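Here is a friendly note to read alongside the structure. Please keep the view open as you go through the points.

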Amino acid sequence: MSQVKLGSEIRDRIVNEIGTLLKQQVSLKQTLREQDSQNQSANEELFLELLEVVDALDFLMEYMVNNPDLSPQFIQRLPKSVGSIQKKLLNILGKREVKSIELEGNQLDFEVCKVVDREVRPDQSPQTITKVVRQGFRVNNKLLRPIEVITSKLE
């Protein structure tokens with residue numbers, strides 16, 4: 001096996017570079033551990049918030065199971081109760097920059113809409129949104145889910 005002789009200047013430079021690379025490696029590993037810990041904390045926070053929604057649904061379901069003859073007052077309050085649960089979920093999503101997409105008017109925008117059905121509506125111009133079937137959402141200005149709509153057609 002042949003040996004290569006390095007000058008002391010080159011050897012010192014190589015040792016320096018190796019030392020710098022090792023320090024960078026340690027720093028990167030520490031940064032990854034910190035990011036992993038932050039991600040785990042964020043996930044735990046999300047899970048706790050979602051469990052609050054589960055608790056609200058459990059309470060509602062348990063009440064209905066334990067009271068099979070629901071009073072008219074309960075039935076009347078039910079949409080408000082379900083609406084508050086929906087609001088909790090939307091707040092959880094909003095904290096994470098998930099926002100509902102708002103349409104301006106009833107004109108179809110293929111950038112954010114998906115047509116799921118068409119209905120004959122001679123009283124409206126073609127491609128007019130007649131109904132929103134499912135709300136659409138963005139996360140950080142990226143389309144997460146399009147708005148699902150029904151549009152008009154002449155025949």
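The numbered points below go through helices, cores, salt bridges and a few backbone details.

1. First, some ground rules. This is a predicted model, in which local features need pLDDT of at least 70 and side-chain atom pairs count only at pLDDT 80 or more, while totals for chains, interfaces and linings use all residues. Residues are numbered from 1 along each chain as its sequence is written, and side-chain values use heavy atoms, with hydrogens and water left out.

2. Start with helix 1, which covers residues 8-66 (helices are DSSP runs of H or I with at least four residues, strands are runs of E with at least two, and both are numbered from the N terminus). Its 59 residues should span 87 Å at 1.5 Å a residue, and the end C-alpha atoms are 85 Å apart, which agrees. The expected span is 1.5 Å times one less than the number of residues.

3. Which residues of helix 1 are buried? They are Glu49, Val53, Ala56 and Leu60, where buried means under 20% relative accessible area, exposed over 50%, and partly exposed in between, with a 1.4 Å probe and protein chains only. Their cover includes helix 2 (72-95).

4. Ile10, also in helix 1, is partly exposed at 41% relative accessible area. Together with Val4, Leu6, Ile14, Ile18 and Leu22, Ile10 makes a nonpolar surface patch of about 560 Å². Patch residues have over 30% relative accessible area and no salt bridge; like charges are joined within 9 Å, and nonpolar side chains (Val, Leu, Ile, Met, Phe, Trp, Tyr) within 5 Å. Areas come from the Shrake-Rupley method with a 1.4 Å probe, and for residues only the protein chains shown count as cover.

5. The largest nonpolar core has seven residues: Ile101, Leu108, Val112, Cys113, Ile129, Ile147 and Val149. A core is a set of buried Ala, Val, Leu, Ile, Met, Phe, Trp, Tyr and Cys residues joined through side-chain atoms within 4.5 Å. A second, separate core of six residues includes Val53, Leu60, Phe74 and Ile85.

6. Now look at Glu49, buried at 11% relative accessibility. The search of the whole structure finds six salt bridges, each a side-chain nitrogen of Lys or Arg within 4 Å of a carboxyl oxygen of Asp or Glu. In one of them Glu49 pairs with Lys95, with the closest N and O atoms 3.4 Å apart. Glu49 is in helix 1 and Lys95 in helix 2, so this pair ties together parts 46 residues apart in sequence. Lys95 itself is exposed, at 56%.

7. Glu49 also meets Arg96 in a salt bridge (2.9 Å, N to O). Arg96 sits in the loop between helix 2 and strand 1 (98-100), so this pair links parts 47 residues apart in sequence.

8. Another salt bridge joins Arg134 and Glu148, whose closest N and O atoms are 3.6 Å apart. Arg134 is in strand 3 and Glu148 in strand 6, so the pair ties together parts 14 residues apart in sequence. Glu148 is buried at 15%, whereas Arg134 is partly exposed at 38%.

9. Finally, two backbone angles. Gln127 has phi near 70 degrees, a positive value in a residue other than glycine, and is found in the loop between strand 2 (113-120) and strand 3 (129-134). Asn140, not a glycine either, has a positive phi of about 50 degrees and lies in the loop between strand 4 (137-139) and strand 5 (142-145).

Definitions and conventions
Contact means heavy atoms within 4.5 Å.
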